[in-house]
Amino acid sequence: MNSIKISIPSLIENIKIIESFIDNAREKYAINDDIYGNIMISVTECVTNAIVHGNKLDGNKTVDLELHLDENQVQFVIKDEGSGFDYEHLADPTAPENLEKTGGRGIFIMRHLTDEVKFEDSGRIAVLTFYL
């Protein structure tokens with residue numbers, strides 16, 4: 001299994017570093033174009049959530065991103081230093097009362113673009129899996 005890891009300070013402008021990380025992984029491991037877009041959207045959304053909601057934009061806290069690749073799948077593990085969240089009781093962004101809200105769609109999007117999303121450690125760790 002191939003693995004690479006990066007840690008970034010919790011500053012929103014560091015999303016550019018994550019995008020470069022994904023682009024480099026795409027080239028190094030020949031990640032299929034069919035899932036590249038889904039990976040880019042899902043992972044950057046997850047890291048953004050970790051920066052904004054998990055670490056509360058505290059530049060002294062870090063977000064860790066690990067990529068694990070084998071012949072069948074690529075996994076991204078995103079970890080923040082926040083207090084976690086209740087991922088089992090999220091509001092449905094497609095419910096009529098939530099349609100005009102500006103937030104609350106990130107995890108919904110991740111669940112639709114990945115093959116599997118798991119949360120661990122009270123929501124401080126997200127594991128996004130894409131089958132190759």
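Helices (H or I, at least four residues) and strands (E, at least two) are DSSP runs, numbered from the N terminus. Ile-51, for instance, has its place in helix H2. Keep in mind that this is a predicted model: local features need pLDDT of at least 70, side-chain atom pairs count only at pLDDT 80 or more, and totals for chains, interfaces and linings use all residues. Residues are numbered from 1 along each chain as its sequence is written, and side-chain values use heavy atoms, with hydrogens and water left out.

**The annotated span**
- An unreviewed UniProt entry carries the annotation "domain: Histidine kinase/HSP90-like ATPase" for residues 9–128. UniProt positions are in the numbering used here, feature names are shortened, and annotations may be inferred rather than shown by experiment.
- That span, residues 9–128, is 38% helix and 21% strand, and its end C-alpha atoms lie 21 Å apart.

**Ile-51, up close**
- Buried means under 20% relative accessible area, exposed over 50%, and partly exposed in between (1.4 Å probe, protein chains only).
- Ile-51 counts as buried because its relative accessibility is 0%.
- Leaving out residues up to four places away in sequence, Ile-51 touches Ile-8, Ser-10, Leu-11, Ile-12, Ile-15, Lys-56, Leu-57 and Val-63; contact here means heavy atoms within 4.5 Å.
- Ile-51 and Asp-80 sit 29 residues apart in sequence, with 7.4 Å between their C-alpha atoms.

**The core**
- A nonpolar core is a set of buried Ala, Val, Leu, Ile, Met, Phe, Trp, Tyr and Cys residues joined through side-chain atoms within 4.5 Å.
- The largest one has 32 residues, and Ile-22, Ile-39, Val-43, Val-47, Phe-76, Ile-78 and Leu-128 touch the most other members.
- Elements giving two or more residues to this core include helix H1 (15–29), helix H2 (33–54) and strand E3 (73–79).
- H2 supplies the largest share of this core, nine residues.
- Phe-76 has contacts beyond four places in sequence, among them Phe-21, Ile-22, Ile-39, Val-43 and Leu-128.

**Helix H1, side by side**
- In H1, the buried residues are Ile-15, Ile-18, Phe-21, Ile-22, Ala-25 and Tyr-29.
- They cover an arc of only 110 degrees around the axis, so they lie on the same side of H1; the arc is that of the directions from the helix axis to the C-beta atoms.
- Lys-16, Glu-27 and Lys-28 are exposed on the other side of H1.
- E1, H2, E2 and E3 are among what covers the buried residues of H1.
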